[in-house]
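Please look over the chain shown here before reading the notes that accompany it. The notes are grouped by topic and are meant to be read beside the structure.

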Amino acid sequence: MMVSNIKLRKVLNDLKRRPEDAAKDLKISVTKINNILSNKSKLDFKTISRAVKIWPINYGDFFSFYDDAKLGFKIMRHNESEKSKRIMKRGGKPYYLYKDTVMSKLSPFRPELITELEVVANDSPKNSKVRFNNGHFLHQFTYFIGPVNFYYIEKNRKKVAKMNTGDSMYISPYVCHSFTTRKNKKSC
Ligand SMILES: [Fe+2]
């Protein structure tokens, strides 16, 4: 865990607490707080919890971000993606196969590889095989591979867009949507 004693110093500076004031608030000895500030002792979680409870600060004020792309890039191999496989069901039936793709801890982007497991014989947006979600908070960009049907609800009306390799779409938060495939011979 990236707990930094320097973070405590910053908190005390911001809240205008001298070490003796902080010791009193945190119910620990002045020696202990001085040891923490001079890096002789570790800042323990109990002290952090007490600080968060009594001061207008958050747990995050004591932790550093961990940069997992220090070189500016990351690579994720196919076999790593394979290990993250999980099947999502809709209506009790397998509907999507999800796999992780490369992600950075610092990036707000959360890409994934989705394979549609529901194969449809027609392109009706009212097809009972199509299971819509309620949308979600994240904005969604989708880049399509293969013959995929993209369903969405616009003004309470179900719509479908027939997508193919190279096509892409964007939806804003809470647009109900779904995906199926028109054929899926090479299902993985
Ligand atoms: Fe989505």
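What follows is a short briefing on the domains, a helix pair and a metal site.

The model is predicted. The domain assignment of the chain gives two parts, domain 1 (5-62) and domain 2 (78-181), and their centres, taken over C-alpha atoms, are separated by 46 Å.

**Helix pair**
- Helix 1 (residues 5-14) and helix 3 (residues 30-37) have axes that come within 8 Å of each other and cross at roughly 115 degrees.
- On the helix 1 side the contact is made by N5, L8, R9 and L12, which meet I33, I36 and L37 in helix 3.
- By residue class, this contact of helix 1 with helix 3 comprises five nonpolar residues, one polar residue and one charged residue.

**Iron site**
- The iron ion has as its protein donors H136 through NE2, Q140 through OE1 and H177 through NE2, and these lie 2.1 to 2.2 Å from the ion.
- Along the chain, the donors of the iron ion follow the spacing H-x3-Q-x36-H.

- H177, by contrast, counts as buried, because its relative accessibility is 4%, which is under the 20% limit.

Technical notes. Residues numbered from 1 in each chain as written. Predicted model: local features only at pLDDT ≥ 70, side-chain atom pairs only at ≥ 80, totals over all residues. Heavy atoms only, no water. Donors = N, O, S within 2.8 Å, 3.2 Å for Na, K, Ca; no water. Buried < 20%, exposed > 50% of the residue type's maximum accessible area, 1.4 Å probe, protein only. Axes fitted to C-alpha atoms, helices over the stretch in contact; angles between N-to-C directions. Helix = DSSP H or I, 4+ residues; strand = E, 2+ residues; numbered from the N terminus. Contact = heavy atoms within 4.5 Å. Nonpolar A, V, L, I, M, F, W, Y, C, P; charged D, E, K, R; others polar. Domains from an automatic or database assignment.
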